[in-house]
Amino acid sequence: MYEQLKDSNTQCDLCGMKDPEGIIYRSDNFIYLCSKCMEKIKTAPDSLSETLERTLMGNVL
Ligand SMILES: [Zn+2]
């Protein structure tokens with residue numbers, strides 16, 4: 001579950017970019033994704049996005 005936020009200062013956790021329009025998506029696990037990566041996650045199989053989230057959380061912790 002992702003929530004769309006408007007925050008031009010938040011970087012995407014996946015690619016490190018800031019969305020030029022400041023649109024960023026926050027997951028329940030406080031992973032931030034730009035709209036491009038969000039598209040990738042949405043089209044990816046559930047197993048892949050779960051793996052990705054776990055990887056990103058591992059990096060944060
Ligand atoms: Zn991104």
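This is a predicted model: local features need pLDDT of at least 70, side-chain atom pairs count only at pLDDT 80 or more; totals for chains, interfaces and linings use all residues.
**S2 and S3.** I found 3 bridges between S2 and S3, and the two strands run antiparallel. For a residue pair across them I noted Arg26, which stands opposite Tyr32 in S3.

**S1 and S2.** I then turned to the pairing of S1, residues 2–6, with S2, residues 23–27. The two are joined by 5 bridges and run antiparallel. Here I picked out Gln4, which has Tyr25 of S2 opposite it. I also checked how well S1 is covered. The strand is hardly covered, with 0 buried residues among its 5.

**The sheet as a whole.** I put the pairings together. The 3 strands make an open sheet, ordered S1-S2-S3, with antiparallel pairing. S1 and S3 are the edge strands, each pairing on one side only. I recorded an average twist of 35° from one strand to the next. Next I asked what packs on this sheet. I found helix H1, residues 35–43, which touches S1, S2 and S3. The direction of H1 makes about 100° with that of S3.

**The loop between S1 and S2.** I stopped at Lys18, which lies in the loop between S1 and S2. I then looked up its contacts, leaving aside neighbours within four places in sequence. On that basis Lys18 is in contact with Ser8, Thr10 and Gln11. I also took the distance from Lys18 to Asp7. The two are 11 residues apart in sequence, and their C-alpha atoms are 8.9 Å apart in space.

**The loop between S2 and S3.** My last entry is Phe30, in the loop between S2 and strand S3, residues 32–34. I checked its backbone and found a positive phi of about 60°, although Phe30 is not a glycine. I noted this because most residues other than glycine have a negative phi. I also asked why Phe30 counts as exposed. Phe30 has 10 C-beta neighbours inside 10 Å, and the cut-off for exposed is 12 or fewer.

Technical notes: Residues are numbered from 1 along each chain as its sequence is written. A residue is buried if 20 or more other C-beta atoms lie within 10 Å of its own, exposed if 12 or fewer, and partly exposed in between; C-beta atoms are placed from the backbone. Helices (H or I, at least four residues) and strands (E, at least two) are DSSP runs, numbered from the N terminus. Two strands pair if DSSP finds at least two bridges between them. Two residues are in contact if their C-beta atoms, placed from the backbone, lie within 7 Å. Axes are lines fitted to C-alpha atoms, for helices over the stretch in contact, and angles run from 0 to 180 degrees between N-to-C directions.
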